[in-house]
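Work through these exercises with the model open beside you. Try each task before you read its solution.

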Amino acid sequence: MPDYDLLAKTIHSLTDGEDDTVALMATIACEVHHSDDRFDWTGFYRVTAPEMLKIGPYQGGHGCLQIPFTRGVCGAAARTGDIQLVADVDAFPGHIACASSTRSELVLPVWDAQGELLGVFDIDSDQPNAFTQTDAERLRDILQDVFSR
């Protein structure tokens with residue numbers, strides 16, 4: 001498990017004063033990805049059109065280029081506004097296999113200061129049941145700190 005206190009301080013320090021969304025996403029994706037070996041793919045999907053996500057800054061292998069809100073774990077997070085903590089992606093109805101190695105997934109909706117959905121933050125693991133509620137809560141807090149300024 002990452003040292004979430006250190007990760008939060010590091011990300012806050014690196015992003016303080018920055019208002020470009022893509023720069024913020026790139027920095028978060030990099031820092032989170034390298035904070036834990038469980039994190040096999042770490043990145044953002046941005047809302048670019050009604051009910052549509054497109055790939056944003058990420059770390060890891062190739063991601064899907066587009067994901068409609070109606071499909072997959074990322075789509076479910078965007079559609080419902082709820083964190084998706086998926087222990088076994090094969091058991092998730094409609095899961096999109098962007099990488100065949102993915103076994104579990106954590107997806108968090110990302111909101112700006114006005115409450116607009118910017119996109120989702122997606123973390124994949126090649127390990128089953130890799131993520132905990134603590135991961136979800138601490139990462140949610142980091143995202144809120146950065147994007148709700």
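**Exercise 1. The start of a helix**

Which residue caps the N-terminal end of H4?

Solution. The residue is threonine 132. One of its side-chain oxygens lies 3.3 Å from the backbone nitrogen of threonine 134. This is a polar contact, meaning a pair of N or O atoms within 3.5 Å; within protein, one must be able to donate a hydrogen and the other to accept it, and residues adjacent in sequence count only if both atoms are side-chain atoms.

Two notes on the ground rules. The model is predicted, so local features need pLDDT of at least 70 and side-chain atom pairs count only at pLDDT 80 or more, while totals for chains, interfaces and linings use all residues. Residues are numbered from 1 along each chain as its sequence is written, and side-chain values use heavy atoms, with hydrogens and water left out.

**Exercise 2. The length and sides of H4**

Find the span of H4, then locate its buried residues.

Solution. Step one: take the limits. H4 covers residues 133–147, which makes 15 residues. Helices (H or I, at least four residues) and strands (E, at least two) are DSSP runs, numbered from the N terminus.

Step two: check the span. From first C-alpha to last, H4 reaches 21 Å, close to the 21 Å expected at 1.5 Å a residue. The expected span is 1.5 Å times one less than the number of residues.

Step three: list what is buried. In H4 these are Asp135, Ala136, Leu139, Ile142, Leu143, Val146 and Phe147. They cover an arc of only 135 degrees around the axis, so they sit on the same side of H4. The arc is that of the directions from the helix axis to the C-beta atoms. Buried means under 20% relative accessible area, exposed over 50%, and partly exposed in between (1.4 Å probe, protein chains only).

Step four: find the packing partners. The buried residues of H4 pack against helices H1 (4–15) and H2 (21–33), and against strands E1 (41–49), E5 (104–111) and E6 (117–125). Contact here means heavy atoms within 4.5 Å.

**Exercise 3. Tracing strand pairs**

Start at E1 and name the strands that pair with it.

Solution. Step one: E6. Six bridges join E1 to E6, and the two run antiparallel. Arginine 46 stands opposite glycine 119 in E6. Two strands pair if DSSP finds at least two bridges between them.

Step two: E2. E1 pairs with E2 (residues 52–59) in the antiparallel sense, over six bridges. Glycine 43 has tyrosine 58 as its bridge partner in E2. Alanine 49 stands opposite methionine 52.

Step three: the turn. E1 and E2 form a hairpin with two residues between them, and glutamate 51 in the turn has a positive phi of about 60 degrees.

Step four: carry on to E3. E2 and E3 pair antiparallel over three bridges. Methionine 52 has proline 68 as its partner in E3.

**Exercise 4. Serine 104**

Is serine 104 buried or exposed?

Solution. Serine 104 belongs to strand E5. Its relative accessibility is 0%, so serine 104 counts as buried. A polar atom of its side chain lies 3.2 Å from the backbone nitrogen of alanine 130. Beyond neighbours within four places in sequence, its contacts include Val86, Ile123, Pro128 and Phe131.
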